[in-house]
Amino acid sequence: MNAIDAPLLEVRGIVKRYGGLVAIDHVDLQLWPGTITGVIGPNGAGKSTLIGLIGGAVPPSEGTIRLDGRDVSRLPASERARAGIGRTYQIPRPFLDMTVEENLEVAQYSIEPFIRASLAREQRAVLLARTGLADVARLPARALPLLRRKRLEIARALALKPRIILLDEVGAGLVDNEITELIALIRSIADPRSAIVIVEHVLRVVRECCERSMVLNFGKKLIEGPTAEIFANDQVAAVYLGTGGVREPAGRGPPTEAAAAQNVVHVMGPAAERRVMSPLIAPTAAEGAGAPLLELEGICAGYGQARVLRGVDLTIGEGQVIAILGANGAGKTTLARVISGAIVPTSGVLRIAGEDVLGQPPHSIARLGIAHCMEGRRIFSTLSVQENLLVAARNADASAAGERLGAVYDLFPVLAERRDHGGTSMSGGQQQMLAIGRALMARPRLIIFDEISLGLAPVIMDKLYEALAVLKQAGMTLIIIEQDVDRALALADHAYVLEHGVFGLSGPPSKIAADPRLRHIYIGTAD
Amino acid sequence: MPEIGIVLSTVVSGVLLGGMLALTALGLSIVLGVMRLVNLAHGDFLVVGAYAGFFFLKFTGVDPLVGLPVIALLLAALAVPLYHFLLAPLSTRGPEAQMMTMFAVSIILENVFVLAFSADTRTIERDYATLPLTFGSMTVPLIYVIGFSIAVALILMVHWLISRSGFGRDLRASSADAQAAEMLGVDVKRVQMLSFALGAACAGVGGTLIGAAFQFGPSSGGAYLLNSLAIVVLGGLGNVLGTLAGGLALGFLQSIGGLVLGDGYRDLVGMALFLLVLAFRPDGFLARARS
Amino acid sequence: MKTHSGLAEVGVLCGAFVLLWFAPVIADDYALQIAFRVLIYLSLAESWNLLAGSAGLVSLGTSCFVGLGAYVAFGLLNSLDMPLPLVLVCCALAGGALAALVSPALFRLRGLYFTVGTLALAELLRLTMVNVSAFGGASGIFLRQDPPPLPELFHYALVVALIASLSITACARTRVSVILRAVRDDEDAAAQMGVRPYRVKLGAFVLASALCAIAGGVQATKLGAIEPYGMFGLQWSIDVLAMVIIGGVGLRLGPLVGALLVVALGEALADYPEAHIAIAGVILIVLIRFAPRGVVGVVASLSSMMRRRAPA
């Protein structure tokens with residue numbers, strides 16, 4: 001048999017069960033040398049599980065995996081790495097207290113313990129140059145910003161001299177110019193002897209790197225084929241691609257079953273919305289009615305040595321919806337954490353409704369009416385859905401809490417259905433709804449939404465932003481921190497762009513959208 | 001094979017004792033769950049409770065069982081400054097710092113006991129403590145039954161507190177993700193302090209009950225620390241009812257071990273069991289995850 | 001392949017060894033006793049640091065292996081009349097064997113649970129020794145022959161300390177170091193990089209346990225009589241922890257400084273037997289709070305502060 005005709009990796013009938021839940025249901029996959037294959041699908045479809053199964057972190061319940069004809073199904077992760085399967089993690093996990101070079105040494109010395117030191121050094125130098133890390137070789141991994149950490153993940157996987165490279169959502173959290181760099185990097189590591197698998201939500205990466213793609217849904221392979229065809233497929237669009245932030249005109253026709261099952265937001269008229277939402281909206285305070293709700297002046301903040309924010313000014317009045325955009329490492333989450341009190345700025349003024357609150361602990365600021373829907377959701381896994389919601393109802397007696405609970409359940413009926421289930425037993429999109437509901441339960445005056453769309457399928461993002469629109473209609477003050485520029489600008493009254501620790505630009509969304517300087521960085525052909 | 005009456009008596013006594021041990025273990029479990037802290041002074045809190053009961057009786061003539069609420073408050077009052085001055089400042093560092101601090105507290109306490117109360121062993125003497133209770137061929141000391149009832153009642157109260165009350169919700173949220181809880185408005189430091197105080201109170205009350213049933217001395221704490229650890233692991237971390245079940249199981253197995261192998265082997269059986277459970281089910285025998 | 005600094009370290013250690021070998025010529029008995037204690041403590045602290053600082057395993061089970069070494073040593077000396085060096089090798093083997101035996105179970109435990117597991121193991125062994133009369137039960141056993149003279153014991157302790165220190169150097173200054181640190185920092189990511197975490201942890205554990213066992217054997221030989229509370233007592237584990245904290249966790253000089261200070265403290269407080277434990281406790285609390293990197297850490301910060309202040 002001609003070696004080129006045999007698949008490099010053959011996955012047959014792979015199944016993964018967690019108790020009663022079937023995460024991967026009889027999936028077949030073949031990888032040929034020299035190919036780059038994309039795997040896309042909604043959240044909870046099993047994409048990361050599939051990576052875990054191939055990489056060895058997750059043992060299969062059934063099925064086989066063959067690498068170059070050799071059965072590796074029962075091998076642990078370390079043996080698969082040695083056999084030539086390298087993977088990156090969705091959230092980069094470098095060895096933080098080791099330097100970039102040392103991170104690579106770990107892989108090198110694992111596969112070739114007695115390699116000559118000088119040869120190892122040469123090989124490392126080549127790898128670092130390829131992945132654009134040569135200038136930071138001696139820095140501790142902890143000091144690297146996100147894109148660099150992703151490069152390090154890839155470099156580390158390459159140090160294993162792999163035959164199969166698994167890239168798990170490498171595009172997440174990057175803005176457009178960083179994605180361009182990433183795509184260039186991926187293309188440069190493509191090799192006729194190895195195969196690359198890319199699991200992604202950032203569709204641009206899939207479109208520009210992968211000749212073939214596969215769609216997973218509910219653990220099953222929905223369809224597989226050339227990427228362009230997959231993207232044009234109606235079924236795939238319904239299940240996953242969503243509307244991309246553009247509202248469909250009303251005569252859409254009967255909703256498909258999948259769409260109906262995800263119809264989780266009630267759409268009501270403005271007055272009705274206000275009525276339903278009133279338990280959740282804080283009344284406007286009589287005193288300080290003249291003062292803006294939130295004021296930041298000259299805020300400087302950072303972590304240890306790193307200065308992240310270098311003089312941020314921001315004023316927000318009641319009922320406004322603000323978008324805060326910016327590249328990774330610009331400081332968006334740092335800003336959110338300063339406002340909620342998790343980080344104390346080194347200088348500057350922070351006022352809530354005219355009251356100086358600098359240095360107060362997060363729980364005090366929360367009680368002043370600032371709610372923070374945190375990046376990564378942070379649902380309490382040991383509490384039920386309802387308990388997660390109730391924890392947030394701080395200053396409410398039983399009946400007020402009950403009212404607020406009712407309003408949240410009206411907004412997100414799926415939460416009512418699952419009220420006694422564990423907080424993290426739901427899909428990513430549903431957990432995000434829970435996180436939003438939790439923020440509302442505090443009856444806040446202002447809610448900060450920190451990257452709520454991260455890691456979610458576009459069709460779910462549509463639903464979440466419908467919920468945000470309801471909140472806006474009802475008069476809530478919102479700060480939206482987002483990578484998804486289009487959706488944020490569609491909702492906001494005013495937008496700020498954080499660049500090098502200050503607001504480089506601010507203005508109404510139309511102005512931001514049209515500014516040629518920013519168009520290059522932030523607005524592009526991202527989906 | 002000893003006669004059935006003795007076997008029954010021994011086993012039932014073991015189970016009753018297990019209930020009392022479960023109460024003390026509960027204190028350790030709460031602190032471990034909320035603060036991720038192995039409180040190495042836990043056994044010594046127990047001994048504080050025992051001494052407190054002893055001196056309560058001595059100076060007021062009132063039965064220490066009546067004085068249990070006072071003893072609970074005493075332990076809580078001890079625990080709060082300990083938390084505030086010694087543990088809270090270390091909360092940003094790794095778990096070893098707090099653990100070692102509590103170890104230092106433990107050796108200080110033991111030394112203080114020796115200095116203040118001498119190294120003698122003593123026991124809380126009540127006439128009824130040694131009264132046997134007889135059901136058919138089975139005889140158990142009355143104090144075991146009383147201690148068991150009080151212990152189970154308290155455990156159920158704590159269970160209700162943790163699973164149904166607002167404070168319990170805050171406690172569970174803080175132990176799941178302290179940072180997120182803080183952002184939602186939970187005063188995590190206060191929750192931790194109250195949890196530590198609650199844990200100390202449970203240990204102290206359990207100590208009084210045990211002090212009425214057995215002898216104790218300045219260095220008795222160590223053995224009870226390990227017993228409590230075993231029960232916490234058996235029952236699953238953060239699982240109140242599991243701790244009760246774990247305590248009953250441990251008491252039962254210890255008594256069987258003593259019966260079959262000889263009295264000196266009771267503790268050995270406990271440790272061996274502990275290691276077995278750790279080896280095969282590190283989350284505890286009865287642990288149940290919510291998802 | 002050792003780096004330059006690694007070779008330098010080896011040189012320093014061997015040089016110190018040679019110098020100290022001749023110490024009995026000039027030192028009196030009291031000084032040798034102190035030195036002996038420091039060397040034994042140093043060996044235990046170095047082995048603890050190897051486990052925790054490198055592989056991330058915080059152990060409270062030192063007493064387990066110290067006691068094992070002690071009983072094995074006496075068993076062999078009493079029944080087989082072996083020469084002491086051979087006996088100590090057997091102690092090392094016994095310690096390593098026990099470590100290998102319990103590691104499948106123990107390594108399933110992560111973090112806090114591992115620590116608790118080591119504690120339970122030590123206690124289990126102690127209880128076994130108390131109950132099994134073949135090993136002397138609660139009253140322990142005596143060494144039938146006379147213990148060797150103090151200078152000879154001092155030499156043995158010196159050798160043990162050298163082996164312990166060289167082991168640390170080998171682990172910290174060679175390519176083994178990145179592997180160990182990878183396992184310590186993130187076991188799962190390390191596995192994905194081809195590291196076999198189980199083997200790495202096992203290796204560290206076996207080495208550390210063997211060292212503790214040898215130290216236990218030497219200590220027992222000096223004592224002449226051992227019993228379970230003394231040799232398997234928690235005191236060993238706690239003393240080691242105190243040493244490492246006082247000296248500085250994970251720092252190369254930590255164990256040495258810690259051992260010296262703990263022994264010095266013991267001597268200084270010998271006049272206050274009643275309160276000496278409580279005082280030790282207070283000192284520990286203060287150190288943990290205000291000098292988290294131990295004495296070595298404080299000195300290091302002070303010296304870098306002084307360097308910054310000094311005129312160029």
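Chain A has 21 helices and 20 strands; here helices (H or I, at least four residues) and strands (E, at least two) are DSSP runs, numbered from the N terminus. This is a predicted model, in which local features need pLDDT of at least 70 and side-chain atom pairs count only at pLDDT 80 or more, while totals for chains, interfaces and linings use all residues. Residues are numbered from 1 along each chain as its sequence is written, and chains are lettered from A and ligands numbered from 1 in the order in which they are written.

Staying with chain A, 49% of its 527 residues are buried, meaning that 20 or more other C-beta atoms, placed from the backbone, lie within 10 Å of the residue's own.

Next, the interfaces of chain C. I call two residues in contact if their C-beta atoms, placed from the backbone, lie within 7 Å. On that basis 17 residues of chain C touch 23 residues of chain A. Helix H8 (176-185) and helix H9 (187-192) of chain C are the elements that give two or more residues to this side.

With chain B, 33 residues of chain C are in contact with 33 residues of chain B. At least two residues each come from helix H6 (112-131), helix H12 (235-247) and helix H14 (276-290) of chain C. H6(C) gives the most, with 13 residues. By class, this side of chain C has 24 nonpolar, five polar and four charged residues. Ala, Val, Leu, Ile, Met, Phe, Trp, Tyr, Cys and Pro count as nonpolar, Asp, Glu, Lys and Arg as charged, and the others, Gly among them, as polar.

Now a helix pair inside chain B. The axes of helix H10 (residues 240-261) and helix H11 (residues 266-280) of chain B come within 8 Å and cross at roughly 130°. Axes are lines fitted to C-alpha atoms, for helices over the stretch in contact, and angles run from 0 to 180 degrees between N-to-C directions. H10(B) and H11(B) are therefore oblique to each other, as angles under 35 degrees count as roughly parallel, over 145 as roughly antiparallel, 65 to 115 as roughly perpendicular and the rest as oblique. Leu250(B), Leu253(B), Gln254(B), Gly257(B) and Gly258(B) of H10(B) make the contact with Arg266(B), Val269(B), Gly270(B) and Leu273(B) of H11(B).

Last, confidence. Chain C has a mean pLDDT of 85, with 96% of its residues at 70 or more; pLDDT is the predictor's confidence in each residue, from 0 to 100. The predictor gives the complex an ipTM of 0.83 and a pTM of 0.80.

Key. A residue is buried if 20 or more other C-beta atoms lie within 10 Å of its own, exposed if 12 or fewer, and partly exposed in between; C-beta atoms are placed from the backbone.
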